[in-house]
Amino acid sequence: VPGGLWLGYNSAGFQGTYSRYGIYGLPLQLFHSRCSVFPHLSLQLLDQLRSHRGFLVGCSNKVFISSGTPLPADVVVDLSTGEVSFASGVLSLVAPSRGDKKWTQGIQDR
């Protein structure tokens, strides 16, 4: 039944697959009132974004990714070049751990 999680069908007997999702904390609540998605960023939204804990925006204006912007970006994905740039403090958060590298190597060796 589509929308099983939305309608609250979360029992092991009915919609067992959806009930297993709930056990693992799914669906993830990534975006909510303090962490929003804006498909297109405009200058008028800057004040509103400052009040958010986090946000995902789409933008074609290079002013927003310059070094002097009032909202510095943690990660910038340039779709025209395919380049992903990380801020200096963020790279250590997304770098693979020793366990991640070992797991990846195990998959490649198969």
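The legends below describe close-up views of a predicted model. Residues are numbered from 1 along each chain as its sequence is written, and side-chain values use heavy atoms, with hydrogens and water left out. In this predicted model, local features need pLDDT of at least 70 and side-chain atom pairs count only at pLDDT 80 or more, while totals for chains, interfaces and linings use all residues.

**View 1. Elements of the protein chain.** The protein chain holds 5 helices and 4 strands, where helices (H or I, at least four residues) and strands (E, at least two) are DSSP runs numbered from the N terminus. Their order from the N terminus is α-α-β-α-β-β-β-α-α.

View 2. Ser 36 lies in strand β1, residues 35–38. With a relative accessible area of 14%, Ser 36 is buried, a term for under 20% relative accessible area with a 1.4 Å probe and protein chains only. Leaving aside residues up to four places away in sequence, Ser 36 touches Phe 31, His 52, Gly 54, Phe 55 and Leu 56; contact means heavy atoms within 4.5 Å.

**View 3. The largest pocket.** The largest pocket contains about 780 Å³ of space. On a 1 Å grid over the protein atoms alone, a pocket is an open set of points where a 1.4 Å probe fits, with protein on both sides within 12 Å along at least five of seven lines, and lining residues have an atom within 4 Å of a point. The volume is the space filled by probe spheres set on the points, which are joined across faces, edges and corners. Among the 23 lining residues, Val 57, Ile 65, Ala 73, Val 75 and Val 76 are the closest to the centre of the pocket. Strands β2 (54–57) and β3 (75–78) each supply at least two residues of this lining.

How values were computed
Buried means under 20% relative accessible area, exposed over 50%, partly exposed in between (1.4 Å probe, protein chains only).
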